[in-house]
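Have the sequence and the 3D view open, and hop between them as you read.

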2 protein chains.
Amino acid sequence: MATFFTQTSFPSHSLSKTFDTHFAAAPKVNACVSFRARRQVGLRVSSGLIEPDGGKLVELVVRDSERDLKKGEALSLPRIKLSRIDLQWVHVLSEGWATPLKGFMKEAEFLQTLHFNSLRLGDGSVVNMSVPIVLAIDDAQKHRIGDNKRVALFDSKGDPVAILNDIEIYKHPKEERIARTWGTTASGLPYVEQTITNAGNWLIGGDLESLNPSSTMTDLIIFDWPRQNSVRNSQGNADAVFAFQLRNPVHNGHALLMTDTRRRLLEMGYKNPVLLLHPLGGYTKADDVPLDWRMKQHEKVLEDGVLDPETTVVSIFPSPMHYAGPTEVQWHAKARINAGANFYIVGRDPAGMSHPVEKRDLYDADHGKKVLSMAPGLERLNILPFRVAAYDKTQGKMAFFDPSRPQDFLFISGTKMRTLARNKESPPDGFMCPGGWKVLVDYYDSLLPSSNGKVPEAVPA
Amino acid sequence: MATFFTQTSFPSHSLSKTFDTHFAAAPKVNACVSFRARRQVGLRVSSGLIEPDGGKLVELVVRDSERDLKKGEALSLPRIKLSRIDLQWVHVLSEGWATPLKGFMKEAEFLQTLHFNSLRLGDGSVVNMSVPIVLAIDDAQKHRIGDNKRVALFDSKGDPVAILNDIEIYKHPKEERIARTWGTTASGLPYVEQTITNAGNWLIGGDLESLNPSSTMTDLIIFDWPRQNSVRNSQGNADAVFAFQLRNPVHNGHALLMTDTRRRLLEMGYKNPVLLLHPLGGYTKADDVPLDWRMKQHEKVLEDGVLDPETTVVSIFPSPMHYAGPTEVQWHAKARINAGANFYIVGRDPAGMSHPVEKRDLYDADHGKKVLSMAPGLERLNILPFRVAAYDKTQGKMAFFDPSRPQDFLFISGTKMRTLARNKESPPDGFMCPGGWKVLVDYYDSLLPSSNGKVPEAVPA
């Protein structure tokens, strides 16, 4: 039990003090709001437990009253057309997930991110920042921008989505960026192939003014979800928010872990710990289950009562996925500080995948949680390492692995799960609620017509 | 002038306060001691200006009274035979250059170094640490060590040099180590080929007990130089120590820069700024000029009065060279904090070299000084960026480059300098003092008999 909370053991006698201090110090209440508003059973939770990085959430959407003016300005500026992933980063920045960043990184921020996984602020304090949030342009674009200090960012439909002010253009050291972010330069890294390999030789940073509510900018609009970091619906009474980042369907092993975490937080003296079930909504690699299907699956898991709807908030983290293991898990955790979470659950090999060339995992499975527990700027977030759950054949359900009887346990990886669903095979009873499993099978069914009978092969990850 | 000192502008009116504070806070005086003791003209300098990292210098040499006992113990322990570079790291660690490290890194230190270029100490403070100081072992060695908690380290002659206590053995993620340290995994990185490519799959960390005075452990003994970090000869009265790291012969451009730095420190109100001319003494790549020849050259430069012997301390930094650019320059600076320097001169492309595969420099020439100015744990070191010096044809001497008349200046790189000396060609008058240049020519002459007329080609660096 003593090893469960690695970073802060948080004995119950100190809880009220910590809690009060955080509450008192928070000038602004961060609201984690349920995506299920459309179902009218949404849980509303507020949490003043933890302040955003730098003390104040940096939201970058222009006021409604200024929008038309700014759009007019945008039309007169040099234009940069954004990719789908660029647009997801505009979304991330606009809502303040990367607080205190004010826009795409300038060189000083980029270099600190690459070398230190953190940024030093003007007052000497340090915040975590482990993945570069940058915008690449090519030689011709740089030439077109010339001496302008502002540019406009356009989406693929030709609409202006943002203005970048006080810009700085600097070299894009692609090899170095890849090596320092992923710890490898092997070909076949999904995010690298999508965004870096063919990107321009320059990066452009600056202060972002987002012209639209971010939910209208990306595909995530289909979920009708409110802005995560805005102040609204703050009538909740959570005294602990524990975040669970995921990009896979929820099986009963995950659920066991989340339920068990809540139990432990109650034991520690918290009165109303709330789970922030927080699927990643941006780019994922081709063989991952797409967000819309994952959201349907998560909904079933809540409907079936595998997770308690009364103490669970489901919301979307709009970031694209890097698959950069120990480097990326810091970003996943840091962004949840800005969402108001004060506990973060970390699993085996977070944000990891197989090495794209060699027959091994890209990262040591334990490095993610170790790095997270030592990362600069994350000291005030309580890191909760996973206990390993597996299918206990003697009980016919997911249970915490008991090393004294390994022969009784079956490990079903994400890869294995996807392969079973693709082949319409059933997992063992008790692995996932039937409603949730059916969503997965339906997803793989849906692929058949549009891809000439070929379903994406599961890539081990 | 305002841009000359990037990190701390250090106006003269605040000097006395800063100075007093540092003096008062330093519980121990760090002495930078001249290597020229053997010439009996040695300048002795003490500086209480800056405390070692973590507050106390960590020296790891056993007391004389314990040496025989410890050597006896070493003979009974599992043995690890050290390479020449391993031995240089024992030397570095023993003398406290890597303070607060107590020995070869354990995994928590290794991971923090790779990801954050810094270590968080028990009290929450942060010190810089950018290059892994690790010891690799292979499967057979790991097997031989078994459950032992101590091992003995032996040199190539079969003598015990140190004991490693409370050991921890962990995986050696070679690709990741290389990518995160160098920002590339291209083949042909000199240090990588020397120490990583064929190294074992495990790293062993632990607390070091060094059995011999470090000066007896490595080739550096030929200089009869005292331990750098020990308290001795502290009768000096320097009030500023500015360090100049180098691995090349000193030409008049370097000298101009050092002389000019002293002038500026005097202008700022310091009474006795002292130059720490600090050549790197450990492993360098094959085409660099070896330490013994460089030391002869530096001696000539002082004899000829190009640098002022009365205000210059020449001493050796025993570290091996990584050629890891912005990552390594932090190590070079951090180690000089532990030597007592409070100003550090940084040049163009520090610790850089050509890309081993592509036709370009491996690092952006400006990244080193930028990264250094933002590096965690180096905040209290004043970073002095180089002004570019070049040969001014109109004056017939090295001078600060004047961008208004570029046609008047000749840039002579280290590569070009080595090529001229190798071919017994003379550089322009005023590039280097004649005595110093003769040492270089003599060096290349000395190579001829032993290498069948073949002199190492200059590798651009």
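Helices (H or I, at least four residues) and strands (E, at least two) are DSSP runs, numbered from the N terminus. By that count, chain A has 13 helices and 17 strands. Keep in mind that this is a predicted model: local features need pLDDT of at least 70, side-chain atom pairs count only at pLDDT 80 or more, and totals for chains, interfaces and linings use all residues. As for bookkeeping, residues are numbered from 1 along each chain as its sequence is written, chains are lettered from A and ligands numbered from 1 in the order in which they are written, and side-chain values use heavy atoms, with hydrogens and water left out.

**Chain A as a whole**

- How much of chain A is buried (under 20% relative accessible area, with exposed meaning over 50% and partly exposed in between; 1.4 Å probe, protein chains only)? Buried residues make up 60% of its 461 residues.
- Chain A exposes about 17,900 Å² (by the Shrake-Rupley method with a 1.4 Å probe; for residues, only the protein chains shown count as cover). Carbon and sulfur atoms supply 50% of that area.
- Now take the contacts (heavy atoms within 4.5 Å) in chain A with a separation of 6 or more. Residues 24 or more positions apart account for 76% of them.
- UniProt, in an unreviewed entry, lists residues 50–212 of chain A as "domain: ATP-sulfurylase PUA-like". UniProt positions are given here in the numbering used for this model, feature names are shortened, and annotations may be inferred rather than shown by experiment.
- Over residues 50–212, chain A is 34% helix and 22% strand, and the end C-alpha atoms sit 28 Å apart.

**Sheet and helix in chain A**

- Two strands pair if DSSP finds at least two bridges between them. Five strands of chain A form an open sheet in the order E3-E7-E8-E9-E6, with mixed pairing.
- The edge strands are E3 (79–81) and E6 (136–137) of chain A, each of which pairs on one side only.
- E6(A) runs antiparallel to strand E9 (residues 202–210) of chain A, and two bridges join them. Look for Ala136(A), whose bridge partner in E9(A) is Leu203(A).
- Helix H4 (residues 107–116) of chain A is mostly covered, with eight of its ten residues buried. Among them are Phe110(A), Leu111(A), Leu114(A) and Phe116(A).

- Strand E13 (residues 343–346) of chain B pairs with E14(B) in the parallel sense over four bridges. Within that pairing, Tyr344(B) has Ile383(B) as its bridge partner in E14(B).
- Which faces of strand E14 (residues 382–385) of chain B are covered? Both are: Asn382(B) and Leu384(B) on one side, and Ile383(B) and Pro385(B) on the other, are all buried.
- Val301(B) is in helix H9 (residues 291–303) of chain B. It counts as buried because its relative accessibility is 1%.
- Leaving aside neighbours within four places in sequence, Val301(B) is in contact with Val250(B), Val306(B), Leu307(B) and Cys433(B).
- Cys433(B) counts as buried too, because its relative accessibility is 6%. In the other chain, Cys433(A) counts as buried at 5%.
- How many disulfides (pairs of cysteine sulfur atoms within 2.5 Å) are there over all chains? The count comes to zero.

- Most residues other than glycine have a negative phi, and most peptide bonds are trans.
- A cis peptide bond joins Thr99(A) and Pro100(A), with omega about 10 degrees. Pro100(A) lies in the loop between helix H3 (84–94) and H4 of chain A.
- Chain B has a cis bond between Thr99(B) and Pro100(B), with omega about 10 degrees. Pro100(B) is found in the loop between helix H3 (84–94) and helix H4 (107–116) of chain B.
- Ala351(A) is not a glycine, yet its phi is positive, about 55 degrees. You'll find Ala351(A) in the loop between strand E13 (343–346) and helix H11 (367–374) of chain A, and it is buried, with a relative accessible area of 10%.
- Asp166(B) has a positive phi near 50 degrees and lies in strand E8 (residues 160–171) of chain B. Is Asp166(B) buried or partly exposed? It is partly exposed, because its relative accessible area is 41%.

Key:
Disulfide = S-S within 2.5 Å.
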